[in-house]
Every structure is written in C-alpha cells, then in structure tokens.
Amino acid sequence: MKSQNNIILNLDWITILLYLALVMLGWINIYAAVYSDEHQSILDIGQQYGKQMIWIIAGMFLAICVLIVDSKFYVAFAYHIYVLILLLLVAVLFFGREVNGARAWFEVGGVALQPAELGKFATSLAVAKYMSQFGFKMARTKSYIVLGTLMLLPALLILLQNDTGSALVFAVFFLVFYREGLPDVILIGGFTAIILFILALVWTQLMILMLLIVVSLVLLIVLRQSIKEGIIGFVIVSLIYGILFGLKNIFEFDATPFHLLALTSILTILIFIVYGLKKHIKQAWFVLLFFIFSISIALSVNYFYRNVMVSHQRDRVDNLLGIKNDLLGAGYNVHQSKIAIGSGGLLGKGFLKGTQTKYNFVPEQSTDFIFCTVGEEWGFLGTTVVILLFLILLIRLVYLAERQRSTFSRIYGYGVACILFFHIVINISMTIGLAPVIGIPLPFFSYGGSSLWSFTVLLFIFIKLDASRTKNLR
Amino acid sequence: MDTYTKRQYLLIGIFCLASVAMIFRLFYIQVIDPSYKISADNNVLRRQINYPARGLVYDRNHKLIVYNQAAYDVLVTPREMKAFDTLSFCRIAGVDKAELVSEIKKARSYSKWKPSAIVKQLSAHRYAALQEQLFKYPGFYIQARTLRQYPAMIASHILGFVGEVDQKKVDEDRYYESGDYIGKSGIEQAYENELRGVKGISYMMVDVHNRVKGSFEGGKLDTAAVIGKNLISGLHADLQAYGERLLAGKVGSIVAIEPSTGEIMIMASSPTFDPGAFVGRERTKNYITLFNDPLKPMLNRAITSSYPPGSTFKLADAIIGLEEGLLGPEIRYSCNGPRSTPIKCTHNHETPLPLVSAIRESCNSYFFQAFRAIINKYPTAEEGFEAWRNHLMDLGIGHRIGGDLTAENAGNVSKGTYFDRIYGKSHWNVMTIRSFSIGQGELLMTPLQLANMVSIIANKGYYIAPHIVRSIQNFDHTERVLSFEKHVTQANPYLFQVIADGMEKVVDGGTAKIAKVDGIAVCGKTGTIQNPHGAAHSAFVAFAPKDDPKIAICVYVENGVWGARYAAPIASLIIEKYLNDSIAPKRKPLEASMLSADLISAMHLTGGD
C-alpha cells in the first residue's frame with residue numbers, strides 16, 4: 001500500500017494536468033469543427049466528437065495501464081517492443097487497409113489502428129536503451145551506424161506505406177543525439193542543407209553561387225581572425241571574374257554569367273589550395289570543404305526535386321515557397337486554412353460561431369487542420385494560449401529529463417519532447433503557411449484514436465519512468 | 001553527470017524560437033493583415049465557378065453543327081437556407097414539389113456547408129423570373145451553364161454527348177469537380193481537353209441576405225474562364241443528313257471517307273436518335289428509353305458492329321493474290337457454276353475467266369482458287385495462313401484504324417492458333433478455312449474498315465487513319481490542322497489499276513448495274529451476306545470517280561436481302577448527290593423507293609413467329 005501511494009505522489013502532476021488540458025481543448029475544438037444543428041449533443045457517439053470522447057476515455061485507461069506496469073519492464077523489453085512494432089509495420093504493408101492512397105491501417109473490431117504511430121515510442125525506447133549501454137560513446141562509427149539503423153528502419157517501412165509525413169518525424173531524433181554528444185558540425189550542416197535546399201528552389205544558380213562565395217569569404221575571416229585575407233580573397237575573385245568577362249567580350253564566347261562565375265570559383269579554389277599548402281592553414285581546408293559541400297547540395301537539389309519527389313509533394317513545396325500559387329489545387333487547403341485562422345482576429349468569433357472552418361472546404365478540419373478551428377473561434381488569444389501550453393509542456397519535459405539519474409530515462413524523455421516538438425511545429429506551421437502540407441496530426445488535439453493513444457502511451461511511459469526515478473539508475 | 005548538459009538550453013532555445021516564430025506569424029495574419037478579415041459575423045466566402053462555353057463544332061464547309069445555349073442551375077447551401085414558400089418557388093422554377101423536397105434532402109445529406117445544385121438546366125425565361133424573386137430564398141443562388149444545341153439534328157453517334165463527370169474521373173483528375181460536365185462519348189470525349197476550355201473561379205463575399213457584397217481581396221485570387229476551342233470536322237453535314245434519311249427505316253450504317261485525307265464525311269448508323277436527347281431536364285428519361293430499345297439506337301453500328309464482309313471481301317482477295325504474284329490480268333481460273341466445288345458459284349458467266357471478270361461477276365469459284373493458291377504457295381497451311389493474315393493487317397483489317405474515334409471495334413481475323421485449338425496442330429488446311437475466300441467464316445469487319453479498304457484501292461495503296469476532326473480553331477481564328485498516321489501498304493501501286501477496272505465493270509454491267517450514275521465512273525463491289533437469323537445482309541462498297549477519287553463509301557443494311565437491293569442504290573445516290581449536287585430525274589423513283597423503304601416495320605410484322 002505504501003509504495004502504491006508513493007507512486008501517485010511521485011507522479012509529475014504538472015505534466016499530467018497539461019496533458020488533460022490539451023486533450024480537453026482538443027475535444028471541444030473537434031466538437032466545434034464538425035458541429036451541426038442536428039447533432040447538438042457533444043456525447044453523440046454517431047459523431048466524431050462523441051467518438052473522440054470514447055478515444056479519450058480509452059486513452060486514460062491506457063495511461064493507467066502504463067503507470068501500473070513496473071518501470072523496469074520498459075527498460076528490459078525496449079528491444080522486444082521495437083522488434084514487435086517493426087513486424088507490425090511490415091504486416092500492415094500486406095494485410096493493412098488502404099485509405100487515401102496509404103496502406104497504413106489495421107482494422108480491429110471497427111477501430112482503425114495505425115502502426116506508424118506506435119513506431120515513435122518504440123524507437124524512442126530502443127534508442128534510449130542503446131545509448132544508455134555501459135561504455136556507449138557517441139563519437140564512434142558503430143554508434144552512428146546502429147542509431148541510424150534504429151531510426152531509419154521504421155521510417156523506411158512507413159515510407160513504403162506512402163505516409164511521408166509520419167516518416168519525416170524520425171528525423172527529429174537528431175536533436176536527441178545532439179543532446180547526447182552529436183558534434184555541432186552535423187547539426188549545423190543539417191540546417192545549412194535545409195536552407196540551401198529552399199534557396200536552390202527559389203533562387204537562380206547564379207545567386208546561390210554568389211551567396212556561397214561571400215559566405216565562404218566571411219567564414220575565412222571569422223576562422224582566421226584576419227580581415228586582410230578575406231579582402232585579398234575578394235580581390236582575387238573580382239580580378240579573375242573581370243579578366244574572364246573581358247576575354248568573353250573580346251572573343252565573343254557564348255557564356256552566361258553563371259558559367260563565368262563557376263570558372264572563377266574553380267580558379268580561385270586552385271589558388272586557395274596552393275596558398276593553403278604553402279602556409280599549412282588548417283582552416284583553409286574547412287572553408288574549402290564547406291564550399292564544395294554546399295555547392296554539391298545546391299546543384300543536386302534540382303535533380304532530387306525533379307526525379308525523387310512525387311508531384312503532389314512538389315506542388316506543396318512550390319506553393320509554400322510561392323513558386324506556384326495554385327489556389328485550386330495544392331494551395332487551396334492552406335489558403336482556406338489561413339482565411340479561417342486570419343478571420344478569427346484578436347479574440348476570435350466565439351465558441352461554435354466559426355463559419356470558415358465549417359463552410360469552407362478546409363478538409364480534415366477535425367484532424368490535420370484542427371488548429372484552424374482554434375484560430376477562428378478563439379482568435380490570436382486562443383492560438384497563443386495553445387502554443388504556450390505546448391511550449392510549457394516541452395520545457396517541463398526537458399526539465400524532467402534532466403533530473404533523471406538514469407541515462408535511459410533521460411534519453412527517452414528527450415525522445416518524447418523532440419517528437420512532440422516536431423509534430424506541434426510542423427502541424428501548426430502548415431496551417432499558417434510556414435511549412436509544406438505534411439499530413440501529421442497535432443498531438444492531443446487532432447481527432448483519431450490511433451494518434452491520441454500513441455501520444456498518451458509515449459508521454460505516460462516517461463511519466464512512469466520519472467515517478468520511479470529513484471529506483472532506476474541505469 | 002555528462003559533459004553535454006549545457007546543450008539542454010540550446011534545445012529549449014530552439015523550442016522557444018519556433019514557438020515565437022509561430023506566434024509572430026499568427027499575430028501577423030490574425031491581428032495585423034486585414035486581407036484575411038471578414039467584416040460582418042455571418043459573412044461567408046462563396047467560391048463561384050464560371051463555366052466557359054464549350055467549343056463549337058463545324059462541318060467541312062464551316063457549317064455549324066454544334067453550338068451552345070445558356071441554361072441555369074439553381075444551387076442551394078443548406079446551412080444558409082431559411083423556411084421559404086415552396087409552392088411559389090416550384091411555380092417559378094417549374095419543378096415538382098416532391099422532387100424539390102427530395103433534392104433538398106439530398107443536398108443536406110451531401111453537405112450543409114457546400115452548395116449543391118437542386119434544379120438543373122433551367123431555361124432562360126424561368127431564370128429571368130427566378131432571378132427577380134431570388135431575395136425571398138436565402139441560401140439559393142443561380143449558376144450559369146451552357147447546354148449543347150444541334151441545329152442540324154444529325155450525327156448523334158459521332159458527336160457524342162456531354163454529361164456530368166463521374167466520381168472516378170473526379171478522383172483521377174484534379175481539374176474536375178463533382179457536378180462538372182465532361183464529354184462522355186464521340187468527339188465530345190475524344191476532344192474534351194480542347195473543347196472544355198478552362199473554368200474560372202471567383203471568390204465572392206456574400207452577406208446573410210444572400211447578396212453579393214463584392215469580390216474577395218479585390219478579385220486578385222480570381223481566375224478568368226477561358227473559352228473552349230472550336231473544332232472543324234471533315235463531316236459533310238448535308239450528305240450526312242441525306243445518308244441518315246436514306247437509312248431511315250432500316251438497320252445499318254454508312255461510312256464515307258475522302259480517300260486523299262482520311263476525313264470521314266459521313267458516318268451514319270440507323271436507327272438513330274435526336275442528338276439533343278441527352279441535353280436538358282429530360283435526359284435521364286430519354287437515356288433509359290433509348291437504352292431499353294431492342295434495336296439499340298445508341299449503338300454506332302459503323303464502328304462498333306462487326307459483320308462478315310461477304311463478297312465485298314473479294315477485293316482484299318484480289319489485292320493479296322496480285323501481291324503474291326498469283327493473280328494477273330491474264331491469269332484465268334475456271335468455274336463450273338453451280339457444280340463448282342467446294343464452293344458453288346451462283347452466277348452465269350464465261351469460263352475460265354480473268355480477274356476483271358471475276359470481280360464483275362463476283363465468282364466464288366475463282367476467288368476460292370486464288371485463296372487456295374496463296375495458302376498453298378507456302379510449305380504449310382499455318383505459314384500460308386499467317387502470310388495471308390499479315391496482308392489483311394496491312395490493309396487495315398483486323399485491328400483498329402480510326403484516328404480519333406472512341407469505342408471502335410477491332411473486327412476479327414482469327415489467328416492460326418485458333419484453328420490449332422479446334423482441329424489440332426497441322427490438322428487443318430486450306431479446305432478447312434475455305435469460307436475466308438468469300439468473306440465469311442472467322443472473319444469480321446466493321447463498315448469503317450470496309451470503307452477504308454476501298455479507300456486504299458482509290459488511293460492506289462495507302463490510307464490515312466480515318467478521323468472526324470480536321471483541325472482545331474484557335475482564338476485568333478487560325479487553324480491548327482491535325483495530322484493523322486499515313487499507312488502505306490506493301491502492295492505495288494500499279495496492282496490497284498486492274499482492281500479498279502474490275503470494280504468499274506461491277507457497276508457497268510455486273511452485279512450492281514443499279515448503282516450506275518450517268519457521267520460518273522463509279523467503281524463498286526456488292527456483298528450479300530448469309531445470315532442464319534433471317535434475311536441476308538446487303539452490303540456495297542464503292543469509290544468514285546474512278547480517275548480522281550473524291551469519295552470512298554461503304555453501305556451495310558442488315559437484312560437487306562442482297563447487295564444490289566438496298567446497299568448499292570443508297571451508295572450510288574450519295575455519290576451522285578455529292579459529285580453531281582443533285583439526283584438525275586430518271587433516278588428520282590429509285591431515290592423515293594429507298595427513302596420510303598421500311599425494313600424495321602416489316603421485320604416487326606413478320607417477327608411474330
């Protein structure tokens with residue numbers, strides 16, 4: 001009896017209250033999104049909001065189950081759970097039901113289950129278990145290979161189901177690895193690659209080349225702490241370009257400015273190599289590496305974009321970046337979603353008073369686009385409160401993770417925080433036109449049993465680990 | 001404690017930064033940017049589709065055969081609807097009350113927020129009356145559409161019809177939305193992308209009183225509708241109408257092609273139907289009536305029915321025989337008349353006879369012997385048959401040939417393996433398949449393929465894929481002429497001269513004397529096709545004039561007794577009308593008897609047993 005009491009007292013009630021608040025807000029907004037005069041009772045189980053109530057009750061039952069199980073179970077069976085979920089992900093490819101072009105659902109007694117959702121906590125467990133092994137070091141090739149495999153296996157299987165959004169979530173584990181010692185360079189390189197990807201689509205190749213030359217020179221100045229070398233570099237580049245430009249005009253070559261600048265950079269690199277070898281400058285190699293890495297990314301983006309991405313994904317990116325403004329097709333949802341949120345104003349139109357989310361064809365208004373209802377009916381005040389609630393939850397999770405004595409619990413806690421972070425940012429950003437439309441749900445808000453349950457299990461395993469933190473040392 | 005503890009602050013920093021970015025963005029679109037604001041509480045944005053007029057269709061002489069007329073759909077958004085006087089609404093719109101109630105119910109179950117059409121294709125004068133009273137009916141509004149109109153009431157089968165797009169297409173093609181119209185058959189379907197134009201979309205602000213308050217964001221999101229492109233077809237509207245009149249009362253079809261271009265001038269199928277049957281509020285009823293008609297009027301017999309070609313096929317026999325070097329102007333085969341084996345000849349003529357006479361007399365015995373010679377030229381029957389079959393494919397027989405025809409039947413020329421299956425490998429020979437020589441047996445051709453075969457003879461060895469549409473008219477009235485595949489056969493051009501000579505004799509003293517037209521050298525060939533279910537079919541193929549062919553034609557009349565009975569006269573009348581502009585007085589009685597002949601009623605009278 002005593003230890004039972006202990007557990008309840010040890011639970012982090014702040015997190016649990018945040019969870020309950022978010023789930024309830026989600027339910028109320030689903031009610032508002034699909035509200036109609038004919039079905040006014042929020043308890044009507046023929047409607048989505050009635051069903052959501054059942055999912056919520058079932059979710060709480062699941063949470064209690066998770067809390068009852070001994071915390072050592074999650075540590076001991078982390079790999080088993082991971083393998084089991086992988087098998088489910090394979091099975092769904094063969095026996096699953098196809099909905100909207102994605103073969104991602106099992107149907108059990110009228111309830112649809114999405115194994116992809118379960119992949120997130122299973123992978124968090126497996127990653128936590130591997131990284132908490134005695135003698136684990138991040139900076140080893142073997143560590144990279146194993147962690148990469150743990151992360152990519154479920155992502156690839158989900159990609160095979162045609163569910164790109166859920167597969168992308170796994171990229172967020174890089175943040176977890178970063179906390180545990182992944183070198184800065186990789187994180188910075190990742191961000192650089194993302195920025196270059198976007199620039200390569202929006203800018204011309206000439207503009208990107210110009211930017212990279214300038215950035216490389218600035219990098220040289222910063223690393224060498226010498227403005228002189230930077231200016232010399234700039235003079236060399238200008239001089240070579242000037243000579244090439246003159247030659248072009250005299251001999252009437254058929255060359256675009258991009259060709260000239262590309263030739264200029266090759267010649268500059270040669271000079272740079274000679275200079276670097278002579279003076280044994282370590283930083284020179286770094287700048288050179290940066291330049292070549294960036295150039296190859298920028299140039300391969302076009303290939304990747306045209307040949308690897310599927311047309312509807314391209315449309316979504318094009319639309320986000322303003323390359324194409326197709327309000328009939330890919331841009332229509334986002335445009336409608338922005339109108340709905342924008343029309344909410346400062347204080348919103350009031351509960352059940354929203355017209356845009358109902359009238360307009362914001363599809364999936366109770367699932368992926370549930371944030372529109374928040375924005376329209378509760379206004380800027382409502383959206384800010386929801387975002388702040390999420391932010392407080394995330395910071396609380398980081399705080400809890402840091403107070404763990406066991407490495408396993410800490411890493412798992414970071415897994416939970418980062419997965420929630422990715423979902424929240426991408427989902428809200430896509431409804432306000434900051435991210436492409438990637439169909440992933442807003443945690444605790446979006447309609448649907450699978451997603452609610454998987455986020456509940458994800459979170460409550462951590463709450464349980466935290467509650468018994470005095471017992472788990474590894 | 002590990003060494004990376006400080007990194008927690010960087011992660012918290014990233015979380016905060018992202019949240020702040022989202023809040024800034026929300027502040028901008030919710031509080032600062034007025035363009036998303038919608039002033040009054042109940043104002044709604046209406047997405048109105050502007051349907052462009054569909055392209056027009058002209059005949060070869062730029063005579064209009066399909067145009068548009070405005071019509072109006074009444075749309076309702078159930079959520080915005082208030083109680084209204086149903087009786088007066090029904091009176092103005094001319095609809096039944098029960099129908100209206102059921103349509104509104106349907107609209108409600110579809111969506112309370114999206115508009116649905118509850119009264120479709122309202123006429124212009126009802127529209128005018130309703131427009132004045134519309135303020136009494138909140139939630140209702142009217143959308144302009146265009147309906148197809150057919151001034152000449154011809155060519156229903158090839159023009160095809162326009163109907164509401166089905167769900168499958170909506171799922172496949174993002175351009176279409178439920179309720180849009182799309183070409184369902186004929187050239188409406190084949191040239192859908194040219195004809196439809198591009199629909200425009202305007203976003204309108206509407207207040208609680210159903211009044212349009214203006215366009216959203218000054219109309220900068222609106223897209224303009226682009227009108228559909230016009231089609232210039234190769235059809236000859238007057239001849240088509242004449243052909244349809246001649247076919248009236250008979251079951252059958254006519255195909256006439258301009259040999260040099262492959263343009264189809266006539267494609268008539270009888271019984272036919274009013275091309276406007278699928279337009280307007282009666283379309284569903286009409287469709288059901290036509291669908292249930294035992295004579296299948298919606299069937300385009302010219303391309304979807306395939307028949308045994310009968311004796312008209314002897315022309316193909318002749319071409320192949322000449323190509324294989326087994327026939328020639330001076331090579332003769334003998335005929336024992338009714339005592340010929342294995343196929344009897346019913347005609348009385350000289351023997352042994354040359355090719356020209358064999359065509360003129362349609363001698364079964366001659367063409368069987370020619371066929372036998374072709375098959376036996378090869379070491380085995382299989383190889384001989386294969387070579388013979390390849391010649392047929394080369395002549396456009398046994399596969400689809402149309403350039404822009406939808407629902408075309410390929411006809412049938414069985415493969416050698418078919419006989420292997422029935423008789424066993426190497427257990428069949430030329431005797432087994434002898435019916436091929438007289439166009440019966442495992443051989444089926446569409447009237448289009450027959451007309452095309454004659455086209456090849458007229459062109460001395462090539463055809464251009466037969467097609468309806470000649471060119472597409474751009475908005476600046478320039479034309480983009482479509483090009484269709486030209487197929488040159490392996491046969492040597494000079495071979496066709498002797499066949500044309502034979503065909504000329506058919507009309508000039510042979511089996512089709514009735515088809516003789518003064519002043520025009522008509523080359524023809526009759527066919528009488530045995531029919532186990534009733535009277536034999538009547539077929540006739542021809543081209544004219546002999547030296548400068550302007551028209552190649554096939555007429556096929558089901559249960560037309562024999563080739564020269566109906567098919568040959570009808571074909572000759574069309575040729576005469578086309579080349580001479582009018583029918584000679586001495587042939588007027590023939591024209592009158594063809595126009596009035598009614599085989600369908602006769603069939604029904606005797607059909608009791």
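This is a predicted model: local features need pLDDT of at least 70, side-chain atom pairs count only at pLDDT 80 or more; totals for chains, interfaces and linings use all residues.
Local features are reported where pLDDT is at least 70, side-chain atom pairs count only at pLDDT 80 or more, and totals for chains, interfaces and linings use all residues. Residues are numbered from 1 along each chain as its sequence is written, while chains are lettered from A and ligands numbered from 1 in the order in which they are written.

Start with the whole chain. Chain B has 21 helices and 21 strands. Both are DSSP runs, numbered from the N terminus: helices are H or I with at least four residues, strands are E with at least two. Of the 609 residues of chain B, 41% count as buried. A residue is buried if 20 or more other C-beta atoms lie within 10 Å of its own, exposed if 12 or fewer, and partly exposed in between; the C-beta atoms are placed from the backbone. Next, contacts: two residues are in contact if their C-beta atoms, placed from the backbone, lie within 7 Å. Take the contacts in chain B between residues at least 6 apart in sequence: 70% of them join residues at least 24 apart.

Now look at the nonpolar cores. A nonpolar core is a set of buried Ala, Val, Leu, Ile, Met, Phe, Trp, Tyr and Cys residues joined through C-beta atoms within 7 Å. The largest one has 122 residues, and B:V255, B:A542 and B:I553 have the most contacts inside it. Domain 1 (45-222) and domain 2 (307-516) of chain B both give residues to this core, so it lies between them. Those domain bounds come from an automatic or database domain assignment. Another core lies apart from it, with 108 residues, among them A:A32, A:F170, A:Y178 and A:M430. Back in chain B, B:V255 touches residues including B:I264, B:I266, B:M267, B:P447 and B:I553, leaving out those up to four places away in sequence.

Two strands come next. Strand β11 (residues 252-258) and strand β12 of chain B pair in the antiparallel sense over seven bridges. Strands count as paired if DSSP finds at least two bridges between them. One bridge links B:I257 to B:I264 in β12(B). The two strands form a hairpin with four residues between them, and B:G262 in the turn has a positive phi of about 80 degrees. Is strand β12 (residues 263-270) of chain B mostly covered or mostly open? Mostly covered: eight of its eight residues are buried.

Strand β10 (residues 230-233) of chain B has two partners to follow. Strand β2 (residues 57-58) of chain B runs parallel to β10(B), joined by two bridges. There B:Y58 stands opposite B:I232. Strand β16 (residues 469-473) of chain B runs antiparallel to β10(B), joined by four bridges. B:I472 in β16(B) is the bridge partner of B:L231. In a regular strand the side chains alternate between the two faces of the sheet. In β10(B), B:N230 and B:I232 point one way, B:L231 and B:S233 the other way, and all are buried.

What of the helices? Nine of the ten residues of helix α12 (residues 314-323) of chain B are buried, so the helix is largely enclosed by the rest of the structure. Its cover includes helices α13 (355-361), α14 (364-376), α15 (381-394), α17 (447-458) and α18 (495-507), and strand β19 (523-529), of chain B. After α12(B) comes B:G325, with a positive phi near 75 degrees.

B:F484 sits in the loop between β17 (479-481) and β18 (486-488) of chain B. B:F484 is partly exposed, with 18 other C-beta atoms within 10 Å. B:F484 and B:A465 are 19 residues apart in sequence, and their C-alpha atoms are 5.9 Å apart in space. Beyond its neighbours within four places in sequence, B:F484 is in contact with B:G262, B:G403, B:I464, B:A465 and B:H467.

Finish with some backbone exceptions. Most residues other than glycine have a negative phi, and most peptide bonds are trans. B:A155 is not a glycine, yet its phi is positive, about 55 degrees. B:A155 counts as buried, with 30 C-beta neighbours inside 10 Å. B:D581 also is not a glycine and has a positive phi, about 70 degrees. B:D581 is exposed, with 8 other C-beta atoms within 10 Å. The peptide bond from B:S270 to B:P271 is cis, with omega near 0 degrees. Another cis peptide bond joins B:A544 and B:P545, with omega about -15 degrees.
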